[in-house]
Amino acid sequence: MGSTAYEVIEQPQMKSARINNVIVGHLVGFCSGFLGLWIVNAWHTQKLLPSGHLSWDRMWAVASATIFTTVINLRLNSSQPAALSTTLLVAMGEMQTFRDALPIAVGVLLIALIAKPLRRVRLKVMQTHSANS
């Protein structure tokens, strides 16, 4: 979440800092992570963080989910680099239930709501600064 918030405020001119990219990009990240888990049936495979070991099933879930996130976001024109972090958290098992994923989903929506007006202000400041230079 931190990298998304930073990008929206610090780099508002970037396409990936658009609110649509933030929301759709992370939604695609969630869905791709779940899809990766489903395809390789890695739901019950040991999670990475408690074990320190990435099983082959988790590795294939991570690889496929990363590919899905990248390709789908490119096709939807909703690239958001930090969405890959969301994908990895789901595919590695740290957020593989709705209950686990809910705080991140709420965080993405809060960033979108708060960042939209801040992004506009930041863009105006950058334009004014650029015009004065």
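Visitor: In which helix is the place of L102?

Guide: This is a predicted model, in which local features need pLDDT of at least 70, side-chain atom pairs count only at pLDDT 80 or more, and totals for chains, interfaces and linings use all residues. Residues are numbered from 1 along each chain as its sequence is written, and side-chain values use heavy atoms, without hydrogens and water. Helices are DSSP runs (H or I, at least four residues), numbered from the N terminus. The place of L102 is in helix α6 (residues 98-132).

Visitor: Is L102 buried, partly exposed or exposed?

Guide: Buried means under 20% relative accessible area, exposed over 50%, partly exposed in between (1.4 Å probe, protein chains only). The relative accessible area of L102 is 39%, so L102 is partly exposed.

Visitor: Which element has the lowest mean pLDDT?

Guide: pLDDT is the predictor's confidence in each residue, from 0 to 100. The protein chain averages 86, and 95% of the residues score at least 70. Helix α4 (residues 56-75) has the highest mean, 95, and the lowest, 65, belongs to helix α3 (residues 48-51).

Visitor: What span does α4 reach from its first C-alpha to its last?

Guide: The expected span of a helix is 1.5 Å times one less than its number of residues. With 20 residues, α4 has an expected 28 Å, and the model comes close to this, at 28 Å.

Visitor: Which elements are included in what covers the buried residues of α4?

Guide: The buried residues of α4 are R58, A61, V62, S64, A65, T69 and N73. Contact means heavy atoms within 4.5 Å. The cover includes α2 (19-40) and α5 (83-91).

Notes
Helix = DSSP H or I, 4+ residues; strand = E, 2+ residues; numbered from the N terminus.
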